[in-house]
Amino acid sequence: KMTPEQLKSALGSGLLSFPVTHFDAEGRFAADSYRAHVEWLAGYKAPVLFAAGGTGEFFSLTPAEIPGIVAAAKEVSGETAIVSGCGYGTDIAIEIAQSVEKVGAEGILLLPHYLIDAPQEGLYAHIKKICQSVGFGVMVYNRDNAVLQADTLARLCDDCPNLIGFKDG
């Protein structure tokens, strides 16, 4: 298990991979083919793989499905860190973050909330509450309707020691 600082170092040390979640014909998670795919990707020594992320499938998953996907990735990832997608409103994001922390994820990539614009103070409160709910690394995805201004990000960095990454979309 990586500390937030170790994850921060891993994020900057090489190739990052975002494997697409596999689904069967009925739209259910296809664990066997997904595990085989993640195992293959981990063989290329990517330091971090992002499970249940924003490569098209996060919106197709219920919060209850996400820990199973992360657990499947963890089963075969070896020394490659697994970071889970996370998002929606604050309470649901906390539920997701805590559930993937329990199954061994090293961190989360906090995706933008859905459709609504948020003032800087609202973004600050949302991200801070999520960071404070877990002990692992948190990265924020800065895009669309969730764009942090530099001073808001600086405050979050000061107040949230486990905020270790910033993805600018």
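Me: What makes both faces of strand 4 count as covered?
Reply: G107 and L109 on one side are buried, and so are I108 and L110 on the other. Buried means under 20% relative accessible area, with a 1.4 Å probe and protein chains only. In a regular strand the side chains alternate between the two faces of the sheet. Note that this is a predicted model, where local features need pLDDT of at least 70, side-chain atom pairs count only at pLDDT 80 or more, and totals for chains, interfaces and linings use all residues. Residues are numbered from 1 along each chain as its sequence is written, and side-chain values use heavy atoms, without hydrogens and water.

Me: Why is I116 called exposed?
Reply: Exposed means over 50% relative accessible area, and partly exposed lies between that and buried. I116 has 54% relative accessibility, so I116 counts as exposed. I116 is found in the loop between strand 4 (107-110) and helix 5 (120-132). Helices (H or I, at least four residues) and strands (E, at least two) are DSSP runs, numbered from the N terminus.

Me: How do you know that strand 3 and strand 4 pair?
Reply: Pairing takes at least two DSSP bridges between two strands. Strand 3 and strand 4 have 4 bridges, in the parallel sense.

Me: Why are strand 1 and strand 6 at the edges?
Reply: The open sheet has 6 strands in the order 1-2-3-4-5-6, with parallel pairing. Strand 1 and strand 6 each have a single partner strand, so one side of each is left without a neighbour in the sheet.
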